[in-house]
Amino acid sequence: MASTPPQARTEELVRAMRAFGSASRLELLRAMQDPRQLDAAPGEVSEHGVCLALLARTVGIAGPTALQHLSKLIEAGLCVKTADRRGGGFTFYRRDENAITDVADRLRHV
């Protein structure tokens, strides 16, 4: 497998830094870091992650606004969207810890 060219790695880092450039997005990432600490209703937290409604409520923003921010985090590779088709088909979001660690490591070498 070929390694990622340096220019593409730089573009990935810039995309991640733009995603980190919003207080709401940082708060969403923090909320996903330890969902057990959130004031969750039954079903809002699972092994799949944290549901959109809980994330929006925790950060204090509207659901559509949270969705826009989460889309930016997904685009930057910092979180992933998952689904639990069992109890009502919630959509969940969780951090991509490997990607976040990778960004932090690359920043140490800038």
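A surface patch, as the term is used here, is made of residues with over 30% relative accessible area and no salt bridge, and nonpolar side chains are joined into one patch when they lie within 5 Å. In this predicted model, Met17, Leu107 and Val110 make such a nonpolar patch, with an area of about 290 Å². Val110 is located in the segment after helix H5, which spans residues 97-108. Exposed means over 50% relative accessible area, and Val110 counts as exposed because its relative accessibility is 77%.

The description now turns to the packing of helices. Helix H2 (residues 23-33) packs with helix H4 (residues 63-75) at an angle of about 80°, and their axes are 10 Å apart. H2 is therefore roughly perpendicular to H4. On the side of H2, the contact is made by Ser24, Arg25, Leu28, Leu29 and Met32, while H4 contributes Ala66, His69, Leu70, Lys72 and Leu73.

Helix H3 (residues 52-59) has buried residues, namely Leu54, Leu55, Ala56 and Val59. After H3 comes Gly60, which has a positive phi near 85°.

A further glycine, Gly43, lies in the loop between H2 and E1. With a relative accessible area of 37%, Gly43 is partly exposed. Gly43 and Gln33 are ten residues apart along the chain, and their C-alpha atoms are separated by 17 Å. When neighbours within four places in sequence are left aside, Gly43 is in contact with Phe90 and Phe92.

Conventions:
Residues are numbered from 1 along each chain as its sequence is written. This is a predicted model: local features need pLDDT of at least 70, side-chain atom pairs count only at pLDDT 80 or more; totals for chains, interfaces and linings use all residues. Side-chain values use heavy atoms; hydrogens and water are left out. Patches are made of residues with over 30% relative accessible area and no salt bridge: like charges are joined within 9 Å, nonpolar side chains (Val, Leu, Ile, Met, Phe, Trp, Tyr) within 5 Å. Accessible areas come from the Shrake-Rupley method with a 1.4 Å probe; for residues, only the protein chains shown count as cover. A salt bridge is a side-chain nitrogen of Lys or Arg within 4 Å of a carboxyl oxygen of Asp or Glu. Helices (H or I, at least four residues) and strands (E, at least two) are DSSP runs, numbered from the N terminus. Buried means under 20% relative accessible area, exposed over 50%, partly exposed in between (1.4 Å probe, protein chains only). Axes are lines fitted to C-alpha atoms, for helices over the stretch in contact, and angles run from 0 to 180 degrees between N-to-C directions. Angles under 35 degrees count as roughly parallel, over 145 as roughly antiparallel, 65 to 115 as roughly perpendicular and the rest as oblique. Contact means heavy atoms within 4.5 Å.
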